[in-house]
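The following questions and answers are meant to be read alongside the structure. Please keep the model in view while working through them.

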Amino acid sequence: MKFSFKAVVAGLFLASIGGALLFHGTAATAAQASAIPFTFVTVDAGVHVPGAASTMVVGINNRGDMVGSYNFIPGAAALGLPAGFLGKGFVLHKDGRFTTIDGPGPVNPQLCQPPQSFQNCYYIEARGINDRGDVVGTYSQDVLNQPGGLFRGFSQPARGQFTSYLFPGHTNSIFQRITDSGVIYGCFHDEGIVNSPQVSMHAIINLLRPDGNIQNVTFNPEGTTMNVGGDPGAVRYAGIWYDLAAQRHRSYIFRGGKRVNFDMPGSNMWQAWDMNAAGDVVGVWGDNPDPVLIDGVPLHGYFRERGGNFIAIDYPGSIDTHVFGINASGDIVGSYVDRSYNIHGFVARPGDMRTEMGRGARPAIVNASFSGLRAGKDAAANVLVAMMRIIPKDKPLLAPAQAPACHQIRKK
């Protein structure tokens with residue numbers, strides 16, 4: 001058995017080029033642009049942690065602080081292992097400070113012996129951070145433990161204690177995002193982390209109270225659903241669900257109690273992974289022509305701006321890109337796989353930011369630092385700018401893919 005690396009996410013403001021493409025769903029001209037520039041910067045835990053080999057950035061708050069996970073396994077993607085496998089969570093603050101989140105650690109580490117056995121293997125992933133610095137995520141102390149890996153949600157308030165959470169009466173819980181008001185988006189389920197449709201998965205909205213306790217506000221009685229992010233008041237939020245009739249993963253946006261489903265044009269698999277307060281959604285999608293082989297083939301990130309326009313996102317030169325998070329400023333985060341199958345985190349922004357970075361007092365992220373250009377480093381050498389495709393709304397869907405799990409690891 002092995003695990004497959006799957007995820008999703010990232011979003012940004014949709015920039016216009018030559019006046020052809022306008023913001024937020026307003027009318028576009030007949031000569032609509034086919035691509036827009038994005039600026040990418042790699043974010044690697046190896047800058048702060050000697051020997052760290054794989055990094056995945058999953059969330060970013062409006063201040064620019066990022067969270068994710070890292071491990072010490074070179075070429076992890078070749079084995080289908082995400083950065084949270086045998087890894088640690090982290091917070092990378094805007095000022096450059098790096099904080100590791102250890103979690104409770106493995107119960108029987110000596111019995112975890114991949115690739116021969118994945119029993120008793122530990123997994124942790126910090127997924128969301130609000131502007132106060134409260135962090136949420138998920139972990140498992142045995143990813144093959146049935147049913148579903150016994151995943152637990154966790155919260156770690158700023159300057160607070162790591163606290164596990166399990167939805168009452170169920171065996172797995174996932175915390176995805178936390179807002180400044182303490183609203184937590186995620187899901188609970190029984191068996192389902194490692195099977196495809198995840199029919200026992202139910203979207204939840206919880207609340208991290210000032211006393212540190214977690215209160216469930218609501219959950220979706222419909223199976224196969226997961227809330228992935230939204231506004232602080234839980235009035236507008238996005239999620240993913242598996243359409244059993246169509247045999248597809250699909251995405252949704254709830255606004256004022258009304259649900260609107262959407263599909264990624266030209267794809268055979270897509271999942272939403274975050275939404276900012278303005279309504280921009282990011283995620284992951286696939287366009288492999290062979291639906292049976294979708295598992296394990298290169299995927300792409302996408303950005304759906306609030307008016308319904310789509311941009312495909314691929315880190316330049318990578319063989320696989322996952323987009324996980326977006327903030328109010330349009331910064332998106334995720335991970336990519338290089339040709340040596342190493343996994344790297346990244347942050348991206350719309351437009352060519354190199355000129356701004358060279359002259360600004362507090363330029364964009366360089367070498368995993370928000371505090372400015374690092375001494376002795378050339379900013380331009382650490383920045384990549386590439387054109388990202390705009391996907392026409394009328395591009396037809398491909399035949400459904402074999403349904404992958406909604407989370408980032410799954411048993412084959």
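A residue is called buried if its relative accessible area is under 20%. The model discussed here is predicted.

Q: Is the pair of F40 and Y315 stacked or edge-to-face?
A: The search of the whole structure finds 24 aromatic pairs. In the pair of F40 and Y315, the ring centres are 5.3 Å apart and the planes stand at 70°. Planes over 60 degrees apart meet the criterion for one class of pair. Because the angle is 70°, the pair of F40 and Y315 is edge-to-face.

Q: How many residues apart in sequence are the parts that the pair of F40 and Y315 ties together?
A: F40 belongs to strand β1, which covers residues 35–43. Y315 lies in the loop between β21 (310–313) and β22 (320–326). The pair therefore ties together parts whose separation in sequence is 275 residues.

Q: Is F40 buried or exposed?
A: The limit for a buried residue is a relative accessible area under 20%. The relative accessibility of F40 is 0%, so F40 counts as buried.

Q: Which residue lies over the face of W241?
A: A charge counts as over a ring if, among other conditions, it is within 6 Å of the ring centre. At 4.5 Å from the ring centre of W241 lies R259.

Q: Which residue does the disulfide join to C112?
A: Two cysteine sulfur atoms within 2.5 Å of each other count as a disulfide. By this rule the count comes to one disulfide. Its S to S distance is 2.1 Å, and the residue joined to C112 is C121.

Q: Is C187 buried or exposed?
A: The limit for a buried residue is again under 20%. With a relative accessible area of 0%, C187 is buried.

Notes
Residues numbered from 1 in each chain as written. Predicted model: local features only at pLDDT ≥ 70, side-chain atom pairs only at ≥ 80, totals over all residues. Heavy atoms only, no water. Phe/Tyr/Trp six-rings, centres within 6.5 Å; stacked < 30°, edge-to-face > 60°. Helix = DSSP H or I, 4+ residues; strand = E, 2+ residues; numbered from the N terminus. Buried < 20%, exposed > 50% of the residue type's maximum accessible area, 1.4 Å probe, protein only. Lys NZ or Arg CZ within 6 Å of the ring centre and 35° of its normal.
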